[in-house]
Amino acid sequence: MANADVEHGPPLLAYTGQPIVDVGVATILAFAQHADAAAVTAADIEDLTEFLIDHYVAGPLKSFMFAMLPNSSYVNPAMSEGARRTASRAFLGMCGQPSDPEAGLCLFCGRQAVGMVFRQHIPLIASQGVINFGPGGRPGVPVCGGCLLATQAFVLGCAIKCEGRALLVHSDDAELTLAFASTFLAENRRSLSLSAAGEEGSVKYPRTLVMRRLAEIDTRHSGPATTGASLTAYHITNYGQSPDIAIYHVPSQVLSFFHTARSEKYRSAWEYVVSAGWVRGKGKAGEAPQAAAGDEPDYSTKNRAFEDLFSAVERWPWYIRKHLLCSVLKADEAIEGGDTAEQRASKLSWELTELFLRKVAGMQKSRIEAIKQCGDRLADVIRDDSNKRLMRSVFVTTRYADFRAVLLKANGARILSGGEPVVTFDDFIAIFESTEDFTPTDWRLARDLLYLRILDSLYKAGWLQGNKEDAEHVLEQIVNTEDEPEARTATPV
Ligand SMILES: [Zn+2]
């Protein structure tokens, strides 16, 4: 290997768009502590190769390698440890070899390949001897030295043993891919150096894990989530008869929302939504993740506010109802043993909701403005006239026709007393029926948004604090109104 390196230099590393290769390249860069692939030296590759052999062939990672690369030289049960080391060194030495014209072009990057590989070398490709999908009618996948090395190193840049699988995170923003790979590599190196016993705490809920890590990365790096990038997590196993992959995608609009929600203006409101999303025991929401010894959080905990971000673009009205409205109103009971209604209402945030509407739902500014204004006027009527009957009607009504009637009545009362209508005809259309494919369930979204705005307004005006019984009553109504989660999917707005 050393001779080959001197003669041919280190294998060329490049991002290809293929997640395993890209995460592998990022892992090698993080391992060698270079920002640029061109800076990786033959000595870096030597160090990496020895590290891979040490940890894949023996030690706590070996059992996991059975799930990643069964039948590879790293774990071949028919070989002694010494023989596995020798065979693995020879296999990894392929990366520094001159290309083999017989093998053709690398499937991942198009450069000359150094040889053909199979499922024991790269997860989730065809096994040796299987001709299906083999380019040129030959079994196996042609691969160049750089891509081959990346596919061997990627495991170290994943969250390993996440429900028994590897979780790799890939983005069209290379900086973000690198940030995830470095984070996971650092964790894996730490746990490999610590775990003589080899069994650290279980890692569950890949979606929660991705968002937790993203929050940490977003704090350390100022920009990766602002570039319009998306990210995709691949949760894979290459084990025996049941190789499998689950794919979790975070679209760019959600990434952008997540990034902005963590900025100073929205942070406390967003953190409250997140804290309300933790699930403990029998589905009880509202508790923060348990801290283990030191400050290490418990990674067997699920966060619904995080998990549901992955489907937030398709189910945004439901996300608003569940996480920005109901969970927040319920959460304090669990966290602090029962806050008053107005304290719970104080945690609702119209600003955060508006950010979500703009970023994730893509709602037009004029529609948001109309909802805001209608909410404010309803709050005015409730507050100025102490119109508790109106308040109860607004929050109790569960049918669209009734809700419309309540608004019409409020309009009439306002006009009779010389005020402006609560909602104009145009605004009414904009709020409730603006979408071309309007369905009767759409009104619930507008209703939930009005609730958020009215409560926000009444709290800021101090009205809820002075009318505790009414506040308690309406909050109960809101959280107890069960709408079907699938009431409405993505809506053009
Ligand atoms: Zn290649």
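This is a predicted model: local features need pLDDT of at least 70, side-chain atom pairs count only at pLDDT 80 or more; totals for chains, interfaces and linings use all residues.

**Entry: the whole chain.** By that cut-off, 45% of the 493 residues of the protein chain count as buried. I then listed the secondary structure and got 21 helices and nine strands. For contacts with a separation of 6 or more, I found that 72% join residues 24 or more positions apart.

**Entry: confidence.** I looked up the pLDDT next. The chain averages 85, and 85% of the residues score at least 70. Which elements have the lowest and the highest mean pLDDT? Helix 1 (residues 2–8) has the lowest, 44, while helix 2 (residues 19–32) has the highest, 98. I marked two stretches with pLDDT below 50: residues 289–297, with nine contacts beyond near neighbours in sequence, and residues 484–493, with 24 such contacts.

**Entry: Y15.** I went to the loop between helix 1 and helix 2, where Y15 lies. Is Y15 buried or exposed? I found 21 C-beta neighbours inside 10 Å, so Y15 counts as buried. Leaving aside neighbours within four places in sequence, I listed D22, V25 and A174 as the contacts of Y15. For V25 I also noted the spacing from Y15: 10 residues in sequence, and 6.7 Å in space from C-alpha to C-alpha.

**Entry: helix 3 and helix 5.** Two packed helices are described by the angle between their axes and the distance between the axes, so I looked up both. Helix 3 (residues 42–57) and helix 5 (residues 81–93) pack at about 145°, with axes 10 Å apart. I noted the crossing as right-handed. Helix 3 brings T49, L52, I53, Y56 and V57 to the contact, and helix 5 brings E81, R84, R85, S88, R89 and L92. Sorted by class, the contact of these helices has five nonpolar, two polar and four charged residues.

**Entry: helix 16.** Last, I turned to helix 16 (residues 388–396), where M391, V394 and F395 are buried. Why do the buried residues line one face of the helix? Looking down the axis of helix 16, I saw that they fall within an arc of 85°, so they line one face. I then checked what these buried residues pack against: helix 15 (365–384), helix 17 (400–416), helix 19 (442–460) and helix 21 (468–480).

Note on methods: Residues are numbered from 1 along each chain as its sequence is written. Axes are lines fitted to C-alpha atoms, for helices over the stretch in contact, and angles run from 0 to 180 degrees between N-to-C directions. Helices (H or I, at least four residues) and strands (E, at least two) are DSSP runs, numbered from the N terminus. A crossing is left-handed if the near helix is turned anticlockwise from the far one by less than a right angle, and right-handed if clockwise. Two residues are in contact if their C-beta atoms, placed from the backbone, lie within 7 Å. Ala, Val, Leu, Ile, Met, Phe, Trp, Tyr, Cys and Pro count as nonpolar, Asp, Glu, Lys and Arg as charged, and the others, Gly among them, as polar. A residue is buried if 20 or more other C-beta atoms lie within 10 Å of its own, exposed if 12 or fewer, and partly exposed in between; C-beta atoms are placed from the backbone. pLDDT is the predictor's confidence in each residue, from 0 to 100. The arc is that of the directions from the helix axis to the C-beta atoms.
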